[in-house]
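We'll go through the fold together, from the overall layout down to a few side chains.

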Amino acid sequence: FPSHDTRNADVVSVSGAVSGSIGQTEGTLYAEVAYSSIATTKTTISITDGTPNNRIAIRINATTIITARIVVAGTSSDYNVTIPAIPSSGILKISLAYKADDYVFAINGTIYASTTTRPVPATNAVILGNNGFGTDFLNDRIRAAALYTTRLTNAELAALTSP
């Protein structure tokens, strides 16, 4: 029998970002992911200061729940949206626009109710496919990812995420 090699999960990150590369007071995260199952929480894209104390992460929690985990100075709050069931092996185009007290999700062309009670953490690194702290691995394909230094308008978010 041939031997089967195993390998570690892919981890992509950029840290020490040039000033102005990550919006410190506003921005937009975007990820287009293809996935095969949602057995556990999976992080698609996140920004962080390198610690668990300041970050924003877009997470797929279930076939109908997408969450933004927002942590500022160690205090965590989640912004959850319920979406139509995602079929197995589906494609998701997810964007999260953020500005102090102005967070909104757009998923596959639909704008979801915004939240007006979240601050913005200071960040300097972008991480794809996990939360940056050894858990919540996506373990599927990221077809595209982007970080905008401004909070895109709702119309821009809908256009960006349209199937």
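What follows starts with the whole chain and then moves to the strands, the helix and the salt bridges.

First, some ground rules. This is a predicted model, so local features need pLDDT of at least 70 and side-chain atom pairs count only at pLDDT 80 or more, while totals for chains, interfaces and linings use all residues. Residues are numbered from 1 along each chain as its sequence is written, and side-chain values use heavy atoms, with hydrogens and water left out.

Now the overview. Follow the sequence and you get β-β-β-β-β-β-β-β-β-β-β-α. There are 163 residues, and 42% of them count as buried; buried here means under 20% relative accessible area, exposed means over 50%, and partly exposed is in between (1.4 Å probe, protein chains only). Contact means heavy atoms within 4.5 Å, and among contacts between residues at least 6 apart in sequence, 64% join residues at least 24 apart. The chain exposes about 7,900 Å², with carbon and sulfur atoms supplying 52% of that; the areas come from the Shrake-Rupley method with a 1.4 Å probe, and for residues only the protein chains shown count as cover.

Five strands make it up, in the order 9-8-7-2-11, with antiparallel pairing. Strand 9 (110-111) and strand 11 sit at the edges with a single partner strand each, so one side of each has no neighbour in the sheet. Two strands count as paired if DSSP finds at least two bridges between them, and strands 8 and 9 are joined by two, running antiparallel. There, Ala106 has Ile111 of strand 9 as its bridge partner.

Helix 1 lies across strand 2 (26-34), strand 7, strand 8, strand 9 and strand 11. Its angle to strand 7 is about 160°, with axes taken as lines fitted to C-alpha atoms (for helices, over the stretch in contact) and angles running from 0 to 180 degrees between N-to-C directions.

Leaving aside residues up to four places away in sequence, Leu29 touches a set of residues including Ile45, Ile47, Ile56, Ile58, Ile94 and Leu147. Leu29 and Ile58 are 29 residues apart along the chain, and their C-alpha atoms are separated by 8.3 Å.

Strand 3 is worth a stop too. Seven of its seven residues are buried, so strand 3 is largely enclosed by the rest of the structure. It pairs with strand 4 in the antiparallel sense over six bridges, and Ser46 stands opposite Ala57 in strand 4. The hairpin of strands 3 and 4 has six residues between the strands, and Gly50 in this hairpin takes a positive phi near 95°. Strand 3 is also joined to strand 10 by four bridges, again antiparallel, with Ile45 partnered by Leu128 in strand 10.

What about charged pairs? The whole structure has five salt bridges, each a side-chain nitrogen of Lys or Arg within 4 Å of a carboxyl oxygen of Asp or Glu. In one of them, Asp140 meets Lys42, with the closest N and O atoms 3.4 Å apart. Asp140 is in the loop between strand 10 (125-128) and strand 11 (141-148) and Lys42 is in strand 3 (residues 42-48), so the pair ties together parts that are 98 residues apart in sequence. Asp140 is partly exposed at 23% relative accessible area, whereas Lys42 is buried at 8%.

Asp136 forms another salt bridge, with Arg59, at 2.8 Å between the closest N and O atoms. Since Asp136 lies in the loop between strands 10 and 11 and Arg59 in strand 4 (residues 55-62), this pair ties together parts 77 residues apart in sequence. Both Asp136 and Arg59 are buried.

Finally, turn to Asp102 and Arg151, whose side chains meet in a salt bridge (2.9 Å, N to O). Asp102 is in the loop between strand 7 (91-99) and strand 8 (104-107), Arg151 is in the loop between strand 11 and helix 1 (154-161), and the two are 49 residues apart. Asp102 is partly exposed, at 24%, while Arg151 counts as buried at 17%.
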